[in-house]
Each structure stands twice: as C-alpha cells, then as structure tokens.
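Please keep the sequence and the 3D view open as you read.

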Amino acid sequence: VQLQASGGGLVQAGGSLRLSCAASGRTFSTYNMGWFRQAPGKEREFVAAINGNGDSTYYADSVKGRFTISRDNTKNTDYLQMNNLKPEDTAVYYCAAGQFFPFQITVVMVRTFYSYWGQGTQVTVSS
C-alpha cells in the first residue's frame with residue numbers, strides 16, 4: 001500500500017483545512033487509517049483514526065470537537081477535516097494504514113501498529 005497525503009498549507013488561527021490521504025491498491029477497506037502529526041523537536045503523536053468500514057473513530061483529546069476523520073472506500077481515500085485551527089496544531093501531518101485488531105483507543109494511537117505511512121504534509125497555523 002502506498003499512501004499520498006495532501007492538503008496542507010498555511011492558515012490563520014480559526015481557519016480550516018482538509019487533508020486527504022490517497023491509497024494505492026484494491027484492499028483499502030481492509031485497513032484502519034490513522035493520522036499522526038509531528039511538530040519540530042517533538043515526538044510524532046496520534047491525532048485520529050478510523051476503522052476499515054468507517055463506522056468507528058477515535059481522536060486525541062487535543063483535537064476532539066475540532067477535527068473529523070472520514071473515508072471514502074470507493075475512492076481509496078481518507079480525510080481529516082480540521083476546523084478552528086490553533087497555532088499549536090502546526091506540524092507535519094502523516095497518514096498511516098494498518099491491519100490490526102481490536103480497533104480501540106489503546107491500540108490505534110500506537111505508531112507501530114501501522115504498517116504503511118505517507119510522506120507527510122505541512123500544516124502551519126499563524127496566530
């Protein structure tokens with residue numbers, strides 16, 4: 001599986017962006033998808049995850065209520081809609097794919113459960 005993240009950019013605080021992650025292959029629906037982010041000098045951290053058929057999601061507390069993860073299995077793409085962006089959301093955002101079970105918060109937030117990673121897209125939020 002190859003992943004291509006896009007949609008990053010520069011936005012003012014309070015603004016919105018939608019990130020996309022396009023996947024190759026015909027088995028996209030069998031993969032749980034996650035978004036992680038890494039700010040300069042910090043560890044890569046979990047942002048959001050969605051299961052294969054899209055009926056279960058998890059979010060980091062820092063983005064809950066502002067970000068929404070979704071997927072379109074007919075287009076082999078998942079999305080991260082980011083609203084009310086804050087300067088602390090500035091980071092490189094990575095999409096990831098993994099086939100793991102169970103789909104629960106203690107699992108989805110662990111980077112090592114994801115087998116494939118996109119190249120990252122920069123999100124910069126100015127104050």
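What follows is a briefing on the disulfide, the aromatic pairs, the nonpolar core and some backbone details.

This is a predicted model, in which local features need pLDDT of at least 70 and side-chain atom pairs count only at pLDDT 80 or more, while totals for chains, interfaces and linings use all residues. Residues are numbered from 1 along each chain as its sequence is written, and side-chain values use heavy atoms, with hydrogens and water left out. Helices (H or I, at least four residues) and strands (E, at least two) are DSSP runs, numbered from the N terminus. Buried means under 20% relative accessible area, exposed means over 50%, and partly exposed lies in between (1.4 Å probe, protein chains only).

**Disulfide**

- Searching the whole structure turns up one disulfide, a term for a pair of cysteine sulfur atoms within 2.5 Å.
- The partners are cysteine 21 and cysteine 95, with 2.2 Å between their sulfur atoms.
- Cysteine 21 belongs to strand 3 (residues 17-23) and cysteine 95 to strand 9 (residues 91-98), so the pair ties together parts that are 74 residues apart in sequence.
- The disulfide of cysteine 21 and cysteine 95 is right-handed, because the torsion about its S-S bond is about 65°.
- Cysteine 21 is buried at a relative accessible area of 0%, and cysteine 95 is buried with a value of 0%.

**Aromatic pairs and charges over rings**

- Rings of Phe, Tyr and Trp (its six-membered ring) pair if their centres lie within 6.5 Å; planes under 30 degrees apart count as stacked, over 60 as edge-to-face and the rest as tilted.
- By this rule there are eight aromatic pairs.
- One of them joins tyrosine 31 and tyrosine 116, whose ring centres are 6.0 Å apart with planes at 70°, so the pair is edge-to-face.
- Tyrosine 31 sits in the loop between strand 3 and strand 4 (32-38) and tyrosine 116 in strand 10 (residues 116-117), so this pair ties together parts that are 85 residues apart in sequence.
- Tyrosine 31 is buried at 8% relative accessibility, whereas tyrosine 116 is partly exposed at 30%.
- Phenylalanine 36 and tyrosine 114 also pair edge-to-face, at 5.2 Å centre to centre and 80° between the planes.
- Both phenylalanine 36 and tyrosine 114 belong to one aromatic cluster, along with Phe46, Phe100, Phe113 and Trp117.
- The charged end of arginine 44 sits over the ring of tryptophan 117, 5.1 Å from its centre; this label needs NZ of Lys or CZ of Arg within 6 Å of the ring centre and within 35 degrees of the ring normal.
- Arginine 71 lies over the face of phenylalanine 28, 4.4 Å from the ring centre.

**Nonpolar core**

- A nonpolar core is a set of buried Ala, Val, Leu, Ile, Met, Phe, Trp, Tyr and Cys residues joined through side-chain atoms within 4.5 Å.
- The largest has 38 residues, and those with the most contacts inside it are Met33, Trp35, Val47, Phe67, Leu80, Met82 and Tyr93.
- Leaving aside residues up to four places away in sequence, tyrosine 93 touches several residues, including Leu19, Arg37 and Val123, where contact means heavy atoms within 4.5 Å.

**Backbone details**

- Phenylalanine 101 and proline 102 are joined by a cis peptide bond, with omega about 0°.
- Proline 102 is in the loop between strand 9 and helix 1.
- Asparagine 84 is not a glycine, yet has a positive phi of about 50°.
- Asparagine 84 lies in the loop between strand 8 and strand 9 and is partly exposed at 42% relative accessible area.
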